[in-house]
Amino acid sequence: MDTSLSTIAVVGLGTMGTGIAEVLALAGREVIGIDISEAAALGAVASLEASTARAVGRGRITEQERTDALARFRTSDDLRTAADAELVIEVVPETYEIKQQVFRELDAIVSPTAILATGTNALSVTRLAAESQHPERVLGLHFFNPAPAMKLVEVVSSVLTAPPAVEAVTALARELGKEPVAVGDRPGFVADGLLFGYLNQAAAMYEANYASREDIDAAMKLGCGLPMGPLALLDLIGIDTARTVLEAMYAESHDRLHAPAPVLGQLSSAGLTGRKAGRGFYTYDAPGGQAVVPDALTPAADAASGAGRDVASVGVAGSGTMASGIAEVFAKAGYDVVLAARSQEKADVAKGRIAKSLERSVTKGRLTAEARDETLARITAAGSLDAFAEVDLAVEAVAEDLEIKRQLFAALDKVCRPGAVLATTTSSLPVVAIARATARPEDVIGMHFFNPAPAMKLVEVVRTVLTADDVHATVRAVCAKIRKHPVDCGDRAGFIVNALLFPYLNNAIKMVEQHYASLDDIDAAMKLGGGYPMGPFELLDVVGLDVSLAIEKVLHKEFRDPGLAPAPLLEHLVAAGCLGRKTGRGFREYARR
């Protein structure tokens, strides 16, 4: 098994192949780019020239380094030019037939000690290796797009792969400045295995007309800190490619979460495959373009949701972090706020928390001392809901327990004046069940803030079948005044964000249960390969495993999908009192404060 890997052939010079070739050439490897299309080969050279020129302009490499890298890259339309390569990486179209043909031909061309790598993200490496005369030298080497920028490389072993081959390409990946993650052979591997299930659910959510494409994408960007929304990402990846990956995943898992949403097949069959076609979920300025242009589904900029009710004063019920954060948001926006808790002492503590938050903003230069004082002066701490008698909007932010919330809304119904809007911040409970605790369910709406409320821009606005139009318009207008981004969704478990986020987290836990990958590798894969600000296990420990389990149970009960059943490992950790950072131990252990 050759482990020097100084000469490397890249078969297939599309976007990914060209990117891999660039990474290798800049790292000092002799690179042979092979493609049956002369246009693709010429395009790869032009792309490499342009990319390295930009790198020189930005000071990332010198002109001499650029010249040397370009000299190390040559192209060919003949697979036989790979004869001297110690490693061949194929990134040809994602079909068994084409990839198997490449491997069969390479067997007769390259040295028996050369390593053969497939860049597949959906097909079985074992099945591809079985077509080779030397299956022990075949493995997966899955780069992420764009290859020069993305740090993750998944190194995929089949049951036939020889350890020296794995060691050689792992060392190469590190020398390229990448972060290699070792994974077993199953469709999607780690990053795509988690990512594509999430993308599929987003497509199904859109297909069901539950929320608009703009609101789904905005919710996941603003609510989870993701670089792109799921539907925009599907357009970037290619809707046909996504469907191929999901078909392969479903064939192995038989999990309905992986069964491709019908809309993916419909768009693919119509040739609406995303950016490369100029149209997918969105419409673009040209095939291959990046700029989204208005189409028939684009909401009008001046679209009004109707006249709302006047809101000058707001009541916030609760004394926890979320309640104090929401009260701070409203007070900063100029509203008079009543912050009510179960006792005056708890209300005073909550207002004290706001004072500390505002003081931090002053220290960091985000707020003036005068604005701090004015904001605090607008907040009245109260030990009873009776103080809500004259508020125009009452926002509940108490424990995520349906009975507790119903009792509170029954009390609000008696205290608040006629015409006041009543909002719940529930993240997973049925809003209509809360609304029915009142004699005016038409005045009740969901207003789901994200934690920490002062920093997070998203608010999910949840209408029930009973919510009045002017109540919805009122909350949309209030969101604009407090500088939050509202997204509309219907009253079903998880709304947008949690309905997409928690199945993804649950599937990550299942990967660990199945001993497919480690916590660290999964977290690294999603941060480096998916652009997530936190890995799934980091996030679970921050959210709290008990909170996560409760949401998973609600989703499972609502949708009755076996794939949504909480992972047993999550249930076991919660039963053991390992709830995450707040207890010092969850999926990882933390120093006690």
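This is a predicted model: local features need pLDDT of at least 70, side-chain atom pairs count only at pLDDT 80 or more; totals for chains, interfaces and linings use all residues.
Two strands are taken to pair if DSSP finds at least two bridges between them. Helices (H or I, at least four residues) and strands (E, at least two) are themselves DSSP runs, numbered from the N terminus. Residues are numbered from 1 along each chain as its sequence is written, and side-chain values use heavy atoms, with hydrogens and water left out.

The overall form of the chain is described first. The chain contains 22 helices and 18 strands. Its C-alpha trace spans about 85 × 50 × 50 Å along the principal axes. The radius of gyration, taken over C-alpha atoms, is compared with a globule rule of 2.2 Å times the number of residues to the power 0.38. For 593 residues a compact globule would have a value near 25 Å, and the 27 Å of the chain agrees with this.

A residue is called buried under 20% relative accessible area, exposed over 50%, and partly exposed in between. By this criterion, 53% of the 593 residues count as buried. Contact means heavy atoms within 4.5 Å. Among contacts between residues at least 6 apart in sequence, 69% join residues at least 24 apart.

For the charges, Lys and Arg count as positive and Asp and Glu as negative, while His and the chain ends are not counted. Each charge is placed at NZ of Lys, CZ of Arg, CG of Asp or CD of Glu. The mean positions of the 59 positive and 74 negative charges lie 6 Å apart.

Strand S14 (residues 393–396) was examined together with its neighbours. Four bridges join strand S11 (residues 313–317) to S14, and the two run parallel. Within this pairing, valine 314 stands opposite leucine 393. Four bridges also join S14 to strand S15 (residues 421–424), again in parallel, and here alanine 394 stands opposite leucine 422. In a regular strand the side chains alternate between the two faces of the sheet. In S14, Leu393 and Val395 point one way, Ala394 and Glu396 point the other way, and all are buried.

Individual helical residues show a range of surroundings. Leucine 267 lies in helix H11 (residues 262–269) and counts as buried because its relative accessibility is 13%. Not counting residues up to four places away in sequence, leucine 267 touches Ile239, Leu272, Thr273, Gly280 and Phe281. Of these, glycine 280 is 13 residues away in sequence, with a C-alpha to C-alpha distance of 6.8 Å. Threonine 241, in helix H10 (residues 239–253), is partly exposed because its relative accessible area is 28%. The C-alpha atoms of threonine 241 and leucine 264 are 9.8 Å apart in space, and the two residues are 23 apart in sequence.

Valine 56 belongs to helix H2 (residues 38–57). At 23% relative accessibility, valine 56 counts as partly exposed. Its contacts, not counting residues up to four places away in sequence, are with Ile61, Thr62, Glu63 and Arg66. From valine 56 to glutamate 252, 196 residues apart along the chain, the C-alpha separation is 46 Å.

Backbone geometry in the loops was also considered. A cis peptide bond, with omega about 0°, joins asparagine 145 and proline 146; proline 146 is located in the loop between strand S6 (138–143) and strand S7 (152–157). Asparagine 451 and proline 452 are likewise joined by a cis peptide bond with omega about 0°, and proline 452 lies in the loop between strand S16 (444–449) and strand S17 (458–463).

Positive phi values occur in residues other than glycine. Asparagine 209 has a phi of about 60° and is found in the loop between helix H7 (191–207) and helix H8 (213–224). With 69% relative accessibility, asparagine 209 counts as exposed. Histidine 515 has a phi near 60° and lies in the loop between helix H18 (497–513) and helix H19 (519–530). Its relative accessibility is 73%, so histidine 515 counts as exposed.

Key:
Buried means under 20% relative accessible area, exposed over 50%, partly exposed in between (1.4 Å probe, protein chains only).
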